[in-house]
Amino acid sequence: MAAPESECLFSLDPYHVSEELGFILPDPLEELPPYYQPWMDIALHVPELVHSHKLRLHINEMPLLSIQFLRKHSELRLAHLALSAMTMGYVWQEGEKDTVEKLPHNLAVPYWEVSQRLGLPPILTHADAVLANWKKKDPDGPFDMENLELLVSLPGGDSVRGFFMVTLLVELAAVPALRNIPTVINGVRCGDTEAVAAALEEISQSMQDMTDALKLMHDYVDPSVFYGIMRIYLSGWKDNTSMPKGLVYEGVQEEPMEYSGGSAAQSSLLHCFDELLGIKHEETSGEFLTRMRNYMPPAHKQLVQDISLQPSLKGFIQQQASERLNQAFQRCVKTLVVLRSYHIKVVSRYITVPAARARQLRKQCRESEQEMISRAPTALEERGTGGSGIMSFLKTVRNQTKDTLLPEPGKKQLHHS
């Protein structure tokens with residue numbers, strides 16, 4: 001006879017989630033087997049090679065390597081990161097003016113095969129650039145900005161390191177929240193009000209810590225470098241007017257393919273919180289978020305999916321008459337609204353404001369004054385690198401988060417007009 005459901009406890013074990021690091025890849029490899037040295041020799045020098053306009057030349061002369069000697073998951077992740085950085089540099093070496101229509105077969109074929117083995121798309125994703133792209137300078141030292149380094153970089157100097165490392169610290173801050181998700185799910189299943197309330201309190205504290213970590217962007221990322229130099233290397237070839245046809249992966253298929261660029265929406269964290277708290281994203285924002293799940297490692301995507309299939313937390317709370325439980329849920333949702341509002345501020349500082357400045361400079365033909373901003377890709381002015389119309393998207397997502405709050409007793413519900 002099958003065990004009753006309560007005995008099959010929900011756990012993070014099947015989903016490649018680390019107790020200490022959450023979705024972050026533990027101890028990423030720094031080197032591939034010697035056979036793959038030709039890849040690493042280029043991948044580790046993408047910024048310099050782009051700067052000297054020689055990256056495409058080097059990649060065109062690179063040998064075609066078989067992926068048969070990549071055996072471990074960690075080897076495949078480093079290979080995917082290296083091939084991703086090379087691809088972004090290859091496509092955008094000359095900015096938005098002189099893009100390519102084809103990725104050469106000696107890069108495209110192994111990149112496609114590694115992507116297939118990992119279940120990731122053949123483009124730079126959050127899982128590459130952030131989750132698998134770090135090392136500690138001092139292995140025994142702390143996991144903080146001073147002690148962290150990138151394995152592979154893109155053009156943009158210190159701001160690139162700052163951007164990816166701060167994002168990594170946001171992921172790290174979320175670990176206690178992730179660890180408490182099974183406690184919430186199992187507590188709802190067996191009706192343990194106190195356990196659920198305590199876990200939700202831990203989750204909202206962890207979300208607060210995520211917002212605090214995100215505030216480090218201001219110290220480590222220069223808005224004009226982000227907007228004028230970095231952003232294009234995070235952009236994809238879907239919904240991008242600079243590459244209206246997409247990109248042909250030579251030797252894979254003759255038809256061009258379209259993939260979205262990196263986006264915060266590729267982090268599994270907020271998807272997990274939305275599913276746990278029952279936050280519904282409708283229409284365009286929902287479609288975009290759902291599409292971004294295809295850019296996550298399959299085990300992480302599966303976790304999001306499986307959380308969505310659990311009994312409703314909100315339904316459970318409404319059945320219990322627990323003040324503590326109610327307040328813990330409300331605080332969780334409000335803290336998530338604060339995190340999303342802060343993300344809007346960040347996007348305004350790094351995209352909206354520089355975009356307006358760039359338009360003004362172009363109008364006045366004062367390109368020399370702040371050359372960096374005015375050279376930024378016009379195709380990305382109002383869009384995120386993932387291809388979304390960014391401000392309206394983020395505000396919609398935040399408002400849909402607010403809509404999840406429980407009605408307060410005696411108060412009429414206010415609706416967004």
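At what angle do helix H4 (residues 73-92) and helix H5 (residues 105-118) pack, and how far apart are their axes? The tour begins with that pair, after a note on the model.

The model is predicted: local features need pLDDT of at least 70, side-chain atom pairs count only at pLDDT 80 or more, and totals for chains, interfaces and linings use all residues. Residues are numbered from 1 along each chain as its sequence is written, and side-chain values use heavy atoms, with hydrogens and water left out.

**Stop 1: H4 and H5**

Select residues 73-92 and 105-118. Helices H4 and H5 pack at an angle of about 140 degrees, with their axes 10 Å apart. Helices (H or I, at least four residues) and strands (E, at least two) are DSSP runs numbered from the N terminus. Axes are lines fitted to C-alpha atoms, for helices over the stretch in contact, and angles run from 0 to 180 degrees between N-to-C directions. H4 and H5 are therefore oblique to each other; angles under 35 degrees count as roughly parallel, over 145 as roughly antiparallel, 65 to 115 as roughly perpendicular and the rest as oblique. H4 passes H5 in a left-handed crossing, a term for a near helix turned anticlockwise from the far one by less than a right angle, right-handed being clockwise.

Now show the side chains. On H4 the contact is made by His73, Leu76, Arg77, Ala79, His80, Leu83, Ser84, Met86 and Thr87, and on H5 by Leu107, Pro110, Tyr111, Val114, Ser115, Arg117 and Leu118. Contact means heavy atoms within 4.5 Å. These residues divide into 9 nonpolar, 5 polar and 2 charged. Here Ala, Val, Leu, Ile, Met, Phe, Trp, Tyr, Cys and Pro count as nonpolar, Asp, Glu, Lys and Arg as charged, and the others, Gly among them, as polar. An α-helix has 3.6 residues a turn, so residues three or four places apart point the same way.

**Stop 2: Phe69**

Select Phe69, in the loop between helix H3 (55-60) and H4. Phe69 is partly exposed, with a relative accessible area of 32%; buried means under 20% relative accessible area, exposed over 50%, and partly exposed in between (1.4 Å probe, protein chains only). Leaving aside neighbours within four places in sequence, Phe69 is in contact with Pro33, Tyr35, Tyr36 and Glu75. For a distance across the model, select Thr125 as well: the C-alpha atoms of Phe69 and Thr125, 56 residues apart along the chain, are separated by 23 Å.

**Stop 3: H7 and H11**

Next select helix H7 (residues 158-173) together with H11. Their axes come within 10 Å and cross at roughly 100 degrees, which makes H7 roughly perpendicular to H11. Ser159, Val160 and Phe163 in H7 meet Val225, Phe226 and Met230 in H11. The residues of this contact divide into 5 nonpolar, 1 polar and no charged.

**Stop 4**

Continue into the loop between helix H11 (223-230) and strand S4 (248-249), where Ser242 is placed. Is Ser242 buried or exposed? Ser242 is buried, with a relative accessible area of 13%. The side chain of Ser242 makes a polar contact with the side chain of Glu96 (3.3 Å). A polar contact is a pair of N or O atoms within 3.5 Å; within protein, one must be able to donate a hydrogen and the other to accept it, and residues adjacent in sequence count only if both atoms are side-chain atoms.

Asp239 is found in the loop between H11 and S4 too. Asp239 counts as partly exposed at 41% relative accessibility, and its phi is near 55 degrees, a positive value in a residue other than glycine.

**Stop 5**

Select helix H12 (residues 268-277) and helix H14 (residues 298-308), whose axes come within 8 Å and cross at roughly 10 degrees. H12 and H14 are therefore roughly parallel to each other. Ser268, His271, Cys272, Glu275 and Leu276 of H12 make the contact with His300, Leu303, Val304, Ile307 and Ser308 of H14. These residues divide into 5 nonpolar, 4 polar and 1 charged. H12 is mostly covered, with 8 of its 10 residues buried. Just after H12, Gly278 takes a positive phi of about 75 degrees.

Finish at Arg293, in the loop between helix H13 (283-292) and H14. Arg293 is buried, with a relative accessible area of 14%. Not counting residues up to four places away in sequence, Arg293 touches His271, Glu275, Lys301, Val304 and Gln305.
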